[in-house]
Amino acid sequence: AVQNDPYITLITAEAPVTAETHGGRAKCLQRLVRLDMPVPQTVALSFAAVQDIARGQMPDIPRILGKFAATDLLCVRPSSEDPDWGGPNAVLNIGMNDARYDELSGTMGQDAAAALYLRFVQIYAIHVARLDPDVFDDVSDDGPAGLSAILRAYEDETDEVFPQDPGEQLVAVLRSMARAWDGTTARLLRKAKGAPEEAGLGLVIQRMIPGVGQGECGSGVLQLVDPVTGLPQVNGRYLSQSQGRDALGAGASALFLEKDERGPSLEELAPDAFADLKAHAALMREKLREEMQVEFVIQNGEVRILDGVRTPRSPRAGVRIAVRLAEDGIIPQQEAVMRVDAHSLNELMHRQVRPGAARDVLTTGIGASPGAATGRIVFTAAEAQASAARGEPCILVRRETSPEDVRGMHAAVAVLTEKGGMTSHAAVIGRGLGLPCIVGASGMRFQTRKKILTAPDGRDFRTGDILTIDGSSGQVLAGEPEMLEAALDDSFQTLMRWADAARDIGIRANADTPEDAEAARKFDAQGIGLCRTEHMFFEPGRLTMMREMIFAQTPQGRAAVLERLLPMQRDDFTQLFRIMQGQPVCIRLFDPPLHEFLPTTRTGQRELAEALDLPVSDVERRVEAMSEYNPMLGLRGVRLGVTVPEIYDMQARAIFEATLDASEEGAPVVPEVMIPLVSAKREVELVKSRIDAVAAAVAAERRCEFDYRLGVMVETPRACLRADEIAPHVSFLSFGTNDLTQMTYGLSRDDAGRFMSAYVQKGVFPEDPFHVLDTEGVGELLWLGVERARGECPGLTLSVCGEHGGNPESIAFCRAAGFDYVSCSPYRVPVARLAAAQLAI
Ligand code: PEP
Ligand code: MG
């Protein structure tokens, strides 16, 4: 029975080898054998065989040795199901002993033979006999002298001579490798890479091609693309008279493969071998349907292929490789779409620190908006603007940001805050602007008044010092590491086109400004899903007007100021409509509590008193009177719409007049008007009747009809529960999962950053729920909302516009729950498009 068991299998074209029984390496070697590549004789041990070995039950060793010539040296390598899961170190040159050493000294020279033996003894001593590596510290010689010294050291430590019998050597190697797989470190390492608890290990025993000896001998790796850019380019290293991965080690003497002016190359040294290698790599790419790295040995001028592994690649190389494979007809387009990790697109959209560049990491905070940027530190929005005016890139450092900092954020190349989490102010605005941003960097000391930022290691940074913010990793770096530019190149565009063809859920962008809208178009969003209009009131000239409006004592006084704001808002909307060229634009009416617009500092209040011609004490009193204990649950959103209706009246008028203006010049615009923070049907009825009245008035004044769609933001738990009675009043519902998460957990989105990492670390939350949608709790409310709304109005448009809309896992949920589209920051639109396509394929 053992004869036919895949337990011990000589790898031939027909052998019953699978990745699930023998591991990925064994399976790949079989594919190479089928392609007639010069692969040395290889025997595969199945997962079951290796498991038995770990338990002390040895396979038939003479039978294994019988598959090789008596003079062969062997090497054993791990073969886990997924090569990424790792495995124990390879052991080379098994079979070396005193007798083989004498023989080989005759054929390949004493130094080469000694090198083989010495390497084996060293690996064996450390990984098999488990001796302390320090034991060999004094053995500095190589060659025959080093060999004698190492054999002596082995004997001294173990009181035994080095095992001479190849069978005994192989048994010991197999046992130690099998057991290493069960060790705690190995388990943890592979678990971190996604391996299941019971992942198996296979082993491959291969005839050793020494890589040392007469003629041109050596070893190396070769691939056909640049691992950072993915562009076609022969890449790799080769080292004469070497084996294993020596060529990749510190060995500065390794050769380039292709002719290279920086140094000698294999192409010049052994042109035929080089040409063979390239042909093998190209064949592997075509037949294994993947860009492969070839591990090879050259023995006396002849090429042998030891292995092929998936070429390691940066995210941008990943896109180019997948697209080129499809363009070359090697894989279908949809498979190319599936092969790119959606999260990894984030790195293409922005400049980033070049992989492998030296990093002087000061601390790690929450990477709230990806990309990297270098600039001089500034501590205030005003300094940021001054710096931008001088054309000097700057990094805005604040304890936290507030709407007053938005102008400074526009001027900065990156933002760093001490406080906050994924949906705090700096994070949301940073993502909207495509600005690298780190929040919650509480490892550093922020003395923003004194203008000193202190790293955990005690280094101080002051205004003008250079920092780099890596918003992808959350790392704050000193100085200026080497950068890689964004890569929205043709392969990216092609991949996106293929993704869109497969996708079945809409993707819109959250966009507040003309720049956002331009970005939304650049990334091919299908419209604007959320325009947060309050951001428009923070423009320099408008803030004072806004404050005047807030301070107005009577509705008439308020209306007079709003009259002055109207043309500005109309202009904002006209611009958005023009840029979006007929695509839907969903405008949310004013949402935040009014006191967010009031100055908090004494100076600010004095300036306001001056501007409004009031005593400072009056201003202080009013600011004080308007403050709320819990502003996020206070007078904001539709509650303002109900109690101070003039603001919404003005906004509705601006939207409708802009609609008519923009429709005159281009595609007819059908604006979407959205009411925030609704919790009761009556709120909708009240606001709706006023907006309808404004629409009728504008149509009458302009003698021109137009359509508009009214919708409600569902972002309170009650609105989800009562979605059935809200739905009949509106054309769409957009679920605001930021506030909904905040209110479902009773967890402040602006304060959670302080303890979120502890909560995730301790497993209270599997992830930050402001980042990845809590499908169990918040998700159940979404399901209920969808079910109840559609139960009443089956054709109602439903969407999600919280930050979760750009998160691939959350998009999977939204698609399953039946949402028509999700809307996210413009810079996350491509990630969302790709993730959505992958769900549909
Ligand atoms: C939300 O609450 O999910 C939302 C989109 O609105 P905002 O983030 O502006 O509160
Ligand atoms: Mg909200």
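Me: In which loop is the place of aspartate 613?
Reply: In this predicted model, aspartate 613 has a phi near 55°, a positive value in a residue other than glycine. Most residues other than glycine have a negative phi. Aspartate 613 sits in the loop between α22 (602–612) and α23 (616–626).

Me: What separates the centres of domain 1 and domain 3?
Reply: The domain assignment gives five entries, among them domain 1 (2–207) and domain 3 (372–427 + 436–481). Taken over C-alpha atoms, the centres of domain 1 and domain 3 are separated by 52 Å.

Me: Which residues of α11 are buried, and why are they on the same side?
Reply: Helix α11 (residues 271–288) has 18 residues and reaches 25 Å from its first C-alpha to its last, close to the 26 Å expected. An α-helix has 3.6 residues a turn, so residues three or four places apart point the same way. The buried residues of α11 are Ala273, Phe274, Leu277, His280, Ala281, Met284 and Arg285. They lie on the same side of α11 because they cover an arc of only 135° around the axis.

Me: What covers the buried residues of α11?
Reply: The face of α11 turned away from its buried side carries the exposed residues Pro271, Asp272, Ala275, Ala279 and Ala282. The cover over the buried residues of α11 includes β6 (218–225), α10 (266–269), β8 (292–299) and β9 (302–310).

Me: Which residues does histidine 280 touch, not counting residues up to four places away in sequence?
Reply: Histidine 280 lies in helix α11 and is buried, with 22 other C-beta atoms within 10 Å. Its C-alpha atom is separated by 9.4 Å from that of proline 38, 242 residues apart along the chain. With residues up to four places away in sequence set aside, histidine 280 touches Met37, Val294 and Ile305.

Me: Which elements do the buried residues of α18 pack against?
Reply: The buried residues of α18 (residues 490–502) are Ser491, Phe492, Leu495, Met496, Trp498 and Ala499. They cover an arc of only 165° around the axis, which puts them on the same side of α18. On the other side of α18, Asp490 and Ala501 are exposed. The buried residues pack against α12 (315–327), α13 (333–339), α14 (346–349) and α33 (829–840).

Me: With which residues is tyrosine 117 in contact, leaving aside its neighbours within four places in sequence?
Reply: Tyrosine 117 lies in helix α6 (residues 110–128) and counts as buried, because it has 25 C-beta neighbours inside 10 Å. Its C-alpha atom and that of proline 144, 27 residues apart along the chain, are separated by 9.6 Å. Leaving aside neighbours within four places in sequence, the contacts of tyrosine 117 are Met96, Tyr101 and Leu147.

Me: Which element gives the largest share of the shell around ligand 1?
Reply: The residues around ligand 1 are Leu530, Arg532, Asp591, Glu715, Gly736, Thr737, Asn738, Asp739, Cys801 and Gly802. The elements that give two or more residues to this shell are β24 (528–532) and α29 (737–745). By class, the shell has two nonpolar, four polar and four charged residues. The largest share, three residues, comes from α29.

Technical notes: Residues are numbered from 1 along each chain as its sequence is written. Chains are lettered from A and ligands numbered from 1 in the order in which they are written. This is a predicted model: local features need pLDDT of at least 70, side-chain atom pairs count only at pLDDT 80 or more; totals for chains, interfaces and linings use all residues. A residue is near a molecule or strand if its C-beta atom, placed from the backbone, lies within 6 Å of it. Helices (H or I, at least four residues) and strands (E, at least two) are DSSP runs, numbered from the N terminus. Ala, Val, Leu, Ile, Met, Phe, Trp, Tyr, Cys and Pro count as nonpolar, Asp, Glu, Lys and Arg as charged, and the others, Gly among them, as polar. The expected span of a helix is 1.5 Å times one less than its number of residues. A residue is buried if 20 or more other C-beta atoms lie within 10 Å of its own, exposed if 12 or fewer, and partly exposed in between; C-beta atoms are placed from the backbone. The arc is that of the directions from the helix axis to the C-beta atoms. Two residues are in contact if their C-beta atoms, placed from the backbone, lie within 7 Å. Domain bounds come from an automatic or database domain assignment.
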